[in-house]
Amino acid sequence: MDATYPQRATNVLTYKSTFASGDANWAWNEWALFNAAAAGTMMCRVAVNQGTKASGGSWVLTVTVTLTVT
């Protein structure tokens with residue numbers, strides 16, 4: 001998680017992580033939010049092909065979650 005994240009504005013949560021050249025170099029077919037760096041509880045998961053990150057590149061993943069009460 002990048003510094004100053006997660007952020008909250010009213011009912012919107014924003015999470016942001018930057019993956020540098022040597023990080024996460026593989027096919028990105030899913031992502032998930034957890035409440036800890038290791039052995040945490042999953043908040044949400046999305047299975048979607050984002051492509052393959054290669055060494056030398058930097059990717060930024062930004063997730064926005066809107067909470068509503070019904």
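Ala-24 counts as buried at 10% relative accessibility, where buried means under 20% relative accessible area, exposed means over 50%, and partly exposed lies in between (1.4 Å probe, protein chains only). Ala-24 sits in the loop between E2 and E3, and it has a positive phi of about 55 degrees although it is not a glycine. The model is predicted, so that local features need pLDDT of at least 70 and side-chain atom pairs count only at pLDDT 80 or more, while totals for chains, interfaces and linings use all residues. Residues are numbered from 1 along each chain as its sequence is written, and side-chain values use heavy atoms, with hydrogens and water left out.

**Overall fold**

Helices (H or I, at least four residues) and strands (E, at least two) are DSSP runs, numbered from the N terminus. Taken along the principal axes, the C-alpha atoms of the chain fill a box of roughly 45 × 25 × 25 Å. Buried residues make up 17% of the 70 residues in the chain. Among contacts (heavy atoms within 4.5 Å) in the chain between residues at least 6 apart in sequence, 55% join residues at least 24 apart.

**Strand pairing and backbone**

Two strands pair if DSSP finds at least two bridges between them. Strand E1 (residues 7-9) is joined to E2 by three bridges, and the two strands run antiparallel; within this pairing, Arg-8 stands opposite Leu-13 in E2. The hairpin of E1 and E2 has two residues between the strands, and in it Thr-10 takes a positive phi near 55 degrees. Thr-10 is not a glycine, and at 69% relative accessibility it counts as exposed. E2 also pairs with E5 in the antiparallel sense, over eight bridges, and here Phe-19 stands opposite Trp-59 in E5. In the segment before E1 lies Pro-6, and the peptide bond from Tyr-5 to Pro-6 is cis, with omega near 0 degrees.

**Nonpolar core**

A nonpolar core is a set of buried Ala, Val, Leu, Ile, Met, Phe, Trp, Tyr and Cys residues joined through side-chain atoms within 4.5 Å. The largest such core has six residues, namely Leu-13, Tyr-15, Trp-31, Leu-33, Val-63 and Val-65. The elements that give two or more residues to this core are strand E2 (12-19), strand E3 (27-34) and strand E5 (59-66).

Met-43, which is found in strand E4, is partly exposed, with a relative accessible area of 43%. The C-alpha atoms of Met-43 and Ala-32 are separated by 7.3 Å, although the two residues are 11 residues apart along the chain.

| Residue | Residues touched (heavy atoms within 4.5 Å) |
|---|---|
| Trp-31 | Cys-44, Arg-45, Val-46, Val-48, Leu-61 and Val-63 |
| Met-43 | Leu-13, Tyr-15, Leu-33, Phe-34 and Val-65 |
| Asp-2 | Lys-16, Ser-17 and Thr-18 |

**Charged residues**

The structure holds one salt bridge, a term that requires a side-chain nitrogen of Lys or Arg within 4 Å of a carboxyl oxygen of Asp or Glu. Arg-45 forms a salt bridge with Glu-30, with the closest N and O atoms 2.6 Å apart. Arg-45 lies in strand E4 (residues 42-52) and Glu-30 in strand E3, so the pair ties together parts that are 15 residues apart in sequence. Glu-30 itself is partly exposed, with a relative accessible area of 45%.

Asp-2 has its place in the segment before E1. The side chain of Asp-2 does make a polar contact with the side chain of Thr-18, at 2.8 Å. A polar contact is a pair of N or O atoms within 3.5 Å; within protein, one must be able to donate a hydrogen and the other to accept it, and residues adjacent in sequence count only if both atoms are side-chain atoms.

Methods
Lists of a residue's contacts leave out its neighbours within four places in sequence.
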